[in-house]
Structures are given as structure tokens and as C-alpha cells.
Amino acid sequence: MDKKLIVKMIKNCFKQYYEADSSPIGDKELEELVTRILQTKDEDPTADLYEVVNDMVYDYLTG
């Protein structure tokens, strides 16, 4: 799985909640989020990547 694609998807997802030039996540937290997404996809290969990313971002923002 391409990490750059996932990072881009995460950033696009954050744009739904924040202004385009602001991001509520730091580099370390972004890496942790990417790792969690990749782990979830490894555990369930049939899961839709778009849904996994959106769920993880939502959990990050509300958790």
C-alpha cells in the first residue's frame, strides 16, 4: 500500500473539517494514523480504503 496515497487521503479528509491551509495533526500523529490505517487494511483486506481513512480521521477528531 502506498503511504503517499494514504497521507493525501487523510489530508483531503481533514479539509472537510478544517480550512484548507490548516491541519490539526502533526507529522508524528500523521505517521501513527497511517500505520493504524495500514494495519486495519492488513487485518481486513476487503475493507474499502476510503471508508477506513474516513473512519480513522473521524475517530482521531472525536477521540
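Student: Which residues does L33 touch, not counting residues up to four places away in sequence?

Tutor: This is a predicted model, in which local features need pLDDT of at least 70 and side-chain atom pairs count only at pLDDT 80 or more, while totals for chains, interfaces and linings use all residues. Residues are numbered from 1 along each chain as its sequence is written, and side-chain values use heavy atoms, with hydrogens and water left out. Contact means heavy atoms within 4.5 Å. Once residues up to four places away in sequence are set aside, L33 touches I10, I25, M56, V57 and Y60.

Student: Which residues have the most contacts inside the largest nonpolar core?

Tutor: A nonpolar core is a set of buried Ala, Val, Leu, Ile, Met, Phe, Trp, Tyr and Cys residues joined through side-chain atoms within 4.5 Å. Buried stands for under 20% relative accessible area, exposed for over 50%, and partly exposed for values in between, with a 1.4 Å probe and protein chains only. The largest such core has 18 residues, and those with the most contacts inside it are I6, I10, L33, I37, V53 and V57.

Student: Which element gives the most to this core?

Tutor: Elements are DSSP runs numbered from the N terminus, helices being H or I over at least four residues and strands being E over at least two. Two or more residues of this core come from each of α1 (3-14), α2 (27-43) and α3 (49-62). With six residues, the element that gives the most is α1.

Student: What is the radius of gyration of the chain?

Tutor: The secondary structure comes to three helices and zero strands, and along the sequence these follow the pattern α-α-α. The globule rule, 2.2 Å times the number of residues to the power 0.38, is set against a radius taken over C-alpha atoms. For 63 residues the rule gives 11 Å, and the chain comes close to this, so it is as compact as a globular protein of that length, with a radius of gyration of 11 Å.

Student: What share of the contacts in the chain with a separation of 6 or more is between residues 24 or more positions apart?

Tutor: For the chain as a whole, 32% of the 63 residues count as buried. Among contacts with a separation of 6 or more, the share that belongs to residues 24 or more positions apart is 65%.

Student: Is N54 buried or exposed?

Tutor: N54 is found in helix α3, and, leaving aside neighbours within four places in sequence, N54 is in contact with C13 and Q16. With a relative accessibility of 17%, N54 counts as buried.

Student: Which residues is Y50 in contact with, leaving aside its neighbours within four places in sequence?

Tutor: Y50 also lies in helix α3, and its C-alpha is 13 Å from that of F14, a residue 36 places away in sequence. Apart from neighbours within four places in sequence, Y50 is in contact with M9 and Q16.

Student: How far apart in space are L5 and V52, C-alpha to C-alpha?

Tutor: L5 lies in helix α1, where it is partly exposed at a relative accessible area of 40%. Although L5 and V52 are 47 residues apart in sequence, their C-alpha separation in space is 13 Å.
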